[in-house]
Structure formats: structure tokens, C-alpha cells
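The following note concerns the domain organisation of the model shown below. Please read the points alongside the sequence and the structure.

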Amino acid sequence: MLKTSPQASRSPQGPSALRQRLSRWDVKYAPYLFVAPFFIVFAAIGLYPLLYTGYLSFFSWPRFGGTVGDPVGWANYVHVITDPVFHKALVNTVGIFLLSSVPQVIIATVIAALLDTNLRGRSWWRMSVLLPYVVAPAAAALIWSAIFADKSGLANQMLGVIGIDPIGWHTDRFASWTAIATMVNWRWTGYNTLIILAAMQAVPRDLYESASLDGAGSGRQFWNITLPSIRPTMIFVIVTSTMGGLQIFTEPRLFDTNLQHQGGANYQFQTLTMYVFNTANSATDPYPRAAAAAWLLFLLIVGVALLNFVITRAIQNRGAR
Amino acid sequence: MSNNSKPWHRRPRTALAACAVASLVAGLTACGGGDGDEQSSLGKDDTLTITTFSEFGYDEQIEKWNADPERPFKIKQTKIAEWDTWKESMTKALQAGTELPDVIAVEGDAMAALVAEGANEQFADISDPELDGRWVEYAYKAGQTTDGKQIGYPTDIGPEAMCYRADLFEKAGLPSEPADAAALFKDWDTYYKTGEEFTKKVPQTKWYDASGSVAQAMLNQVEFPFQTEDQKVNVENDELKAVYDTVTKYSPTLSTKVVQWGEDWQANFTNDGFATMPCPGWMFANIKSSAPDVTGWRIADAFPGGGGNWGGSFLAVPASGAHTEEAQEVANYLTNADSQVSASKAAGNFPGNLEAQKTLQSENAEDPYFGNAKTTEILTNRAAAVTPGVPFKGDKYSDVLGLFQTAIQRVDEGEDPETSWTTFVGAVGNL
């Protein structure tokens, strides 16, 4: 009787039919009303731009022009797909994604397992891993840019101490990927750690007790109890870090010293989101071409996320058998 | 009571959420409508906005305007550190039709894209026959569309001299007095040859500040570097290739190989990183702020290959503004002789305003930082050496220039010049 109003309880014979109906509607429709704000906001700032971007990608729209021009069919998509810079950006994105997401999930799992043990000052340790996540990405990128500066950076100085030649963090393709992946990992590992840690703590403790009684060591317990129990959370972490990994923008953009911000002079670390952004600033049909590139990126992410989902589910099913 | 209070707690929250959503949606639709036809008048306490980049030297003149009770409104300036950053936000705002400041500063290289068909409708026509003859002819023309609509008032122009480190020249046994050093800057061959001599004697110092800056200097002497007169993009011409080949040939020996405007570039002003640099008037302020304690910087009244103009900006009035007439007044005020003299003294920019040039010439001030060089006299001579209309700047000048600079950066970073050239030509084809 959560919904009984004060008047209704005082005069039970009153116009209760209407009140009852209202109360029924409340129970029936109120939940939708509560979730509606999200969907309305999503429709306005998520779905609408998505669809409009799709619409725009089939038109011409001259630079600085105030209005959308004529339809051009698939021309914008053809332009993007045949652009060698797009190919390079695709490879860069996948490369940086692999260098960031894979170590991120592995390290996060290991740290979570360590935090799940009986450490002294547990809360302090747990909060500490989240610290990088609190730092604004732009600020973090500035700090890391100073560390990875080609001539005067800390990273190269330290390599110099152990006798390794300075690395061209901005010029060498793989080195630049590594530098950017390091920034991303630094930021997101703690966040993933806490999510995985939460899942680990939900694993029934008596499972571990029984395992100990059966003589299983901590490594064995981790493989045979912890990992299988947190699979659903792992899927979540992997899927979200995939989406995030394929949309890396802030780090490479601020890491870039090239004046045109094209991800290094040779596009060596231009990501797909940077490609979309730069295309929106280019000379011919900037927005429609960027829209086409954005849709291709969207399809790519959906594809990879689905693939991820299928693979992890297959592993899960095999594990369950 | 707890039962009763719950519904009450809920209502405000739902209302709050609904309100947030409503305002969000309303905000979005408000964003969409950027109709600029509605003009409204300004009161004394109203403010017109202007955005400039780098340093235009307008602080004093704007303060003066705001302090004057006769002025019908106030002016508020926003300064953006770099042109490239401002270019991006400006382009985006123009394209999306979102709000821009009432007056905007535009770099000269990008002006060509804005006067082009399709783009110039976004700017108010600020033609004013009374202003004919106020500016250097070629700068005035550069702010005009082909059918004579004026969309930009020139602020400064960028005649180039050569700046060099007299102390390092001495160390290398080169003539260090500006009058003597000028002979080393008479043409590009002498310039590069001297550079090779210099770097042999002073191996830890490079000859010039960045490959990009000498590339730009040489490029500014080519008549049609990127586009032909009918706006057709053509980068595979012999003159441009010659510039590219020369710059990339000397990249390993004479260049610092750093990117212009970067931290390493900045640091080289003080740590003896390089000895010479092409030096338009607005660069003087950059040198002073980058190397306040270095005493060896001098200016030679010479430039390899004759003259060259690098940069120089415009003030334009976006048509989307609600006060285009008042904005035109502000642009007019800031580019008049008084303002330009004051701006030139504050920032070192060489005015495009002819009367301001005359005033500065009659004062003929000496700059103690540069060994008491008579900067106005030097820049006046340098401006006279510039061939008007060279280089031809087509609508894609700024875009191709960016790609060209990047192509040179690739060579600085160790890529084979021919490979980098091929990438450049391909990228230009994809513009």
C-alpha cells in the first residue's frame, strides 16, 4: 500500500474508483515514466545524430556552406574507403586497441585478485587504483606527452641511463602506439580493476573454503573458481573496453606534435576517430565525408563487439559444460 | 508518516527530471536556429565580442574604447594562443551555423578560402568606399571577393627580413654587424652555402629554426605554388618541386628538424639551437618572448631571393551576428591608423594601414632588444621588395600548405624525400 494517499485512508468511501484506477496506472506506467528520461535524452543526443549522420553521408555540403547540397549516392563512402589515410588509421586503431585493451584486462584481473586478498588498508589500496581515472584525460595527456617527448622526455632519459638509444616516440609507428596505449592503460586499468574486484567479491566464500579443504592452492583456486565465476563481468569489461579502445581520440590527439593534427607527420598514429574529426575540417564536403567515415567506424565497432560477444559466450559455454 | 511522505518525494524528482529533459531538448532546438537576419541595437552596457589569435596588440585600443563614455557599446576581446586552434573552431562554427563572435580575426593564408564562392555569403559585406586607399593595395584586395565584396579589413602584413644570432655568427667567423651580414642573405644559394660553412665551425648549432619556415619563405616567392589562377590544384610543378628538393636536401645538415611552434622549437631560441630565421614583423615579439635573456638577436635588412610576405591577418564580420553594423564599426576602429600604430608598438606587427606606416616611419623607433635596429625602416624596405600578388593564394592554399609542411616534416623525421613527395601528391589529390 505504498500509494495510499492521506485523504484516501481517512475517508475510505470517497471517490475511490478513480483513485484506484490512478493507483493502478501508477503501478503499470510509472516505471516507464522513470526510464523515459533516459530514452528521451538518448533519442535527442544519441539516436537523432546517429540517423542524421547517416542521412548526411549521402549528400554534398561544401565547406563553409550554410546548407546541405545535392545527394551524391555512395560517393562519400567510396572516397573514405579508397583513402589510403583511412586504411592507415584503421590499422593504427586496431594496433593501439590490441596494445591497450588486452594488457588492460589481464592486468586489471591480476590486480583485482591481489586486492581481493586480505590486504592491510584495503580501502586505501582500492581507491588508489582508481586515482588515474579521476585525472582529466587532457591533463593526463599533457603529463604523458612530457614523459614521451622525443628530445627531452623522461622516458628517453631513463632509457639513456641503461644505455638504450632514444626512441622516436612520435616518429616510429610502433613506439607511438606503445606510448598511446600506455596512456590509455594507465587511465582505464584501475576502473576495470574495481569492476572485476566487485565481481570477485560476489563469489561465494565457501567455494574457496571447500577448495582449500580439498587441497587446492591459491593459483588453482584462481583458475578454477574465480575466473569461471566472474565470466559475465569479464564479458562486460571486454565489450566496453573494446568500444572504448576503438574510439581512442584524446590521447593521440594531444600527443600529436604535427601542426595539422593528423596523428604524426606520416599518419603513424592517426586513429579512426581522429580521421573522422580531421575529415570534418577538410576542404571538400567535410561533413558528409566525416559522416560516412563515422558510420563506417560505427559498423566496425558493432562488428567487433558482436564478435567479442560470440567468442566470449562460446568460451563460457564450453566452460559450463 | 513514512508511507505518506514517499509520493511527495517522488513528485519533485520526476518534475526535476522532466524539466532537465525539456531544457535539454529546448537547448538543442535553440542551438539549431542560428538565423542571422535579425539585427538589434546595442545599449551602452552591451558588449561586442572579438576573437583574435596569437598577439594582435589591441589591448590598449580596446581599453581606450571602453573607457570612452561617448562610445555606444563596449568591446570584449578573446585571445586564442594559436591560429590553428582558432581556425578549427572557426571553421566548425561557420559550417554548423553556430554562434561566432561579432568580429573575428582571420589569418591571411585562410582568407583565400573565405572569399571563395559559397563561403563569402557567411560574412557581412563591410565594403566602405571611404576606406579605399587606407591599406596596402594587395592586402586590401586579398580581403575581397572577385565581384568586389569586401569581407575583411587587413590588419598587419608580413614582409620578411632575416633575424640572426650575431654572437654565434662571430663564433663562426662570419660578419656579425647587420649591414655586413645582409650580404649573406642576398640569395638562397649564398644563404645555404654560408649555412654549410657555419655548421662546420659551430657544429652544435643548426643554421635555421625549422625546415618548415625556410620552406614557407621560399614558397612565398613562387608565383603559383599550389593552384593556378582558375583555382585548379596543381602541385606537380617544377617551381614547387625545386623548393621541396632544396629544403629536403639541406634538412639533414642545416635544419633543427623540429616542428615550428612546438616546445623544442621554442627552447632552441635560448639554447643556441639555431642561428638564423626568416623574420616577418610579427615574429619579433615571438623572439623576444621566447628568448628574453639572449642578447645576440639582430635583424638584417635583407631577404634571400628579394622579398617575401609571410602572414598578415584580417578582421572579418560573420553575417550570423546580430550587430553586423556595429561590428563593422569596431573592425574599422581597430584597423585605423591610430589603432594600428598602437598595435604595432605593442606586438611588433607591421601595419597594412598606409598612414600608420608613415607615422611609424617618421618616428623611426629603435629596438634595443635587436641592437637598436630601426625596425620600421627595415620592414618598410622589406615590404617594398615584396612582389604584390605572389604567391597566388587559391581557395585551398591553407590546406595544401599544411600538407606540404607535413611532407617536409616526414623527411625531417627520416623518410625518403621521394616517398614523402608521393604521399603528399596523393593527399592533395584527396582534398
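1. Domain bounds, as used throughout this note, come from an automatic or database domain assignment. On that basis, chain B is divided into domain 1 (47-157 + 312-363) and domain 2 (160-308 + 371-429). For chain A, the assignment gives domain 1 (6-56) and domain 2 (75-320).

2. This is a predicted model, in which local features need pLDDT of at least 70 and side-chain atom pairs count only at pLDDT 80 or more, while totals for chains, interfaces and linings use all residues. Residues are numbered from 1 along each chain as its sequence is written, chains are lettered from A and ligands numbered from 1 in the order in which they are written, and side-chain values use heavy atoms, with hydrogens and water left out.

3. In chain B, the centres of domain 1 and domain 2, taken over C-alpha atoms, are 27 Å apart. Contact (heavy atoms within 4.5 Å) links 17 residues of domain 1 of chain B with 18 residues of domain 2 of chain B. Buried area is the accessible area (1.4 Å probe) that two parts lose on being put together, summed over both; between these domains of chain B it is about 1400 Å², with carbon and sulfur atoms giving 58%. On the side of domain 1 of chain B, B:Asp109, B:Tyr138 and B:Phe350 supply 40% of the area buried against domain 2 of chain B, more than any other three residues.

4. The interface between domain 1 and domain 2 of chain B has 1 salt bridge (a side-chain nitrogen of Lys or Arg within 4 Å of a carboxyl oxygen of Asp or Glu). B:Asp109 also forms a salt bridge with B:Lys393, with 2.8 Å between the closest N and O atoms.

5. In chain A, 39 Å separate the centres of domain 1 and domain 2, taken over C-alpha atoms. Here 4 residues of domain 1 of chain A are in contact with 7 residues of domain 2 of chain A. The area buried between the two domains of chain A is about 450 Å², of which carbon and sulfur atoms give 77%. A:Leu50, A:Thr53 and A:Leu56 supply 84% of what domain 1 of chain A buries against domain 2 of chain A, more than any other three residues. The salt-bridge count between these domains of chain A is 0.

6. As to side-chain packing, B:Tyr192 touches B:Tyr208, B:Val214, B:Met218, B:Thr246, B:Val247, B:Tyr250 and B:Leu254, not counting residues up to four places away in sequence.
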